[in-house]
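Colleague: I have a structure to go through. Can we take the side-chain contacts one by one?

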Amino acid sequence: MPDTMTAPEVEVQREVVLVPEMIVSAQPRPDESTSGVRPSSIATASPLANRKAKAWQGRRVLILGGTHLDGVIMRSRILQLGARPSLNFTTAVTEVLVLEGGESDKRMARVTDRGLPKITESDVNEALVSGVVPAHMRLESRLSAPILMRGEVVDLPAAQSSWSINVAWRAENVGDEFDVDVVAFLLDGTNKVDSDQDFVFYNNTVDEDGAVELSVDGDSEQSVRADLDSLPAECQRVVIAAAVDGDKTFGDLGAVSVSIDGPDGTFATFVLDLGTVERTMVLAEIYRRGNVWRLRAVGQGHNHGLGAMAVGYGVEVDD
């Protein structure tokens with residue numbers, strides 16, 4: 001990738017939205033005609049449905065095989081069950097969902113070696129209806145980090161200063177190559193950088209105070225380490241974003257998984273899905289609210305490049 005970046009003249013913004021699949025029949029909105037049906041007769045989610053939604057709480061499910069659409073649908077259903085979909089084969093994976101073609105995935109040998117339970121689409125669908133955990137996946141649940149939805153905000157523990165924001169992806173089409181750059185911006189109260197050193201990216205992997213640092217952990221995973229106590233006083237917000245280089249987009253790339261980890265393990269996680277023409281995306285932000293640092297899952301995409309994003313935050317980019 002070249003050292004210089006040229007910003008396009010026109011900026012167009014799109015939002016990437018996580019759309020959970022509903023498991024109840026669609027109902028008319030309050031302002032739509034109900035053909036004489038009283039509002040009290042419109043079905044609502046029951047407490048039982050809420051209990052079912054937590055049936056797989058704490059599990060992390062790796063999906064193998066299937067089409068892009070299959071993956072989108074199954075990730076949505078896994079989230080409804082309270083589990084976390086996984087894009088990569090990590091030590092945190094507790095089950096493997098095998099869709100069509102998944103048995104030929106090269107990672108299947110590792111699944112067998114680790115003795116991980118294999119589940120099917122029917123297992124997932126049955127759990128949505130009954131809340132049942134199949135006997136063959138009784139592996140103890142090891143994860144309890146909350147799954148954030150787009151726009152959701154949580155407070156970070158005041159006693160904890162050091163965090164790692166890990167970003168992972170896996171190309172939906174085998175053989176596709178993607179040049180993805182994870183970056184961070186240290187912003188003041190006007191949402192601008194104080195200097196170009198506050199733009200952390202592949203040519204400037206750490207800011208001048210050593211508070212925010214980028215690391216590349218392979219072809220499909222990068223992370224940003226942030227020590228909140230070391231941030232300069234004028235920094236009010238740290239924005240973590242990603243850019244797909246060349247003519248590829250987030251629609252080509254597919255789902256992006258983000259986890260926020262501390263010394264005691266994963267604090268929170270979320271998956272950004274359903275990208276289309278976006279070339280850059282704000283993934284998350286950590287910002288001050290009084291004396292408290294807060295985390296927001298963002299998922300806001302743009303179809304301009306990384307240069308335009310940097311200029312928008314006040315970075316001087318060479319033409």
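**Side-chain contacts**

Modeller: E278 counts as buried, because its relative accessibility is 1% and buried means under 20% relative accessible area, exposed over 50%, partly exposed in between (1.4 Å probe, protein chains only). This is a predicted model: local features need pLDDT of at least 70, side-chain atom pairs count only at pLDDT 80 or more, and totals for chains, interfaces and linings use all residues. Residues are numbered from 1 along each chain as its sequence is written, and side-chain values use heavy atoms, with hydrogens and water left out.

Colleague: Which backbone nitrogen does the side chain of E278 reach?

Modeller: E278 lies in the loop between β14 (265–272) and β15 (280–289). From there its side chain reaches, at 2.5 Å, the backbone nitrogen of T276.

Colleague: How many aromatic pairs does a search of the whole structure find?

Modeller: Rings of Phe, Tyr and Trp (its six-membered ring) pair if their centres lie within 6.5 Å; planes under 30 degrees apart count as stacked, over 60 as edge-to-face and the rest as tilted. Searching the whole structure gives five.

Colleague: How far apart in sequence are the parts that the pair of F185 and Y313 ties together?

Modeller: The pair is tilted, with 4.6 Å centre to centre and 40° between the planes. Both residues are buried. F185 lies in strand β8 (residues 180–187) and Y313 in the segment after α6 (306–312), so the parts tied together are apart by 128 residues.

Colleague: Are the rings of F199 and F201 stacked or tilted?

Modeller: F199 and F201 are both buried. Their centres are 4.3 Å apart and their planes at 5°, so the pair is stacked.

Notes
Helix = DSSP H or I, 4+ residues; strand = E, 2+ residues; numbered from the N terminus. Polar contact = N/O pair within 3.5 Å; in protein donor to acceptor, adjacent residues only side chain to side chain.
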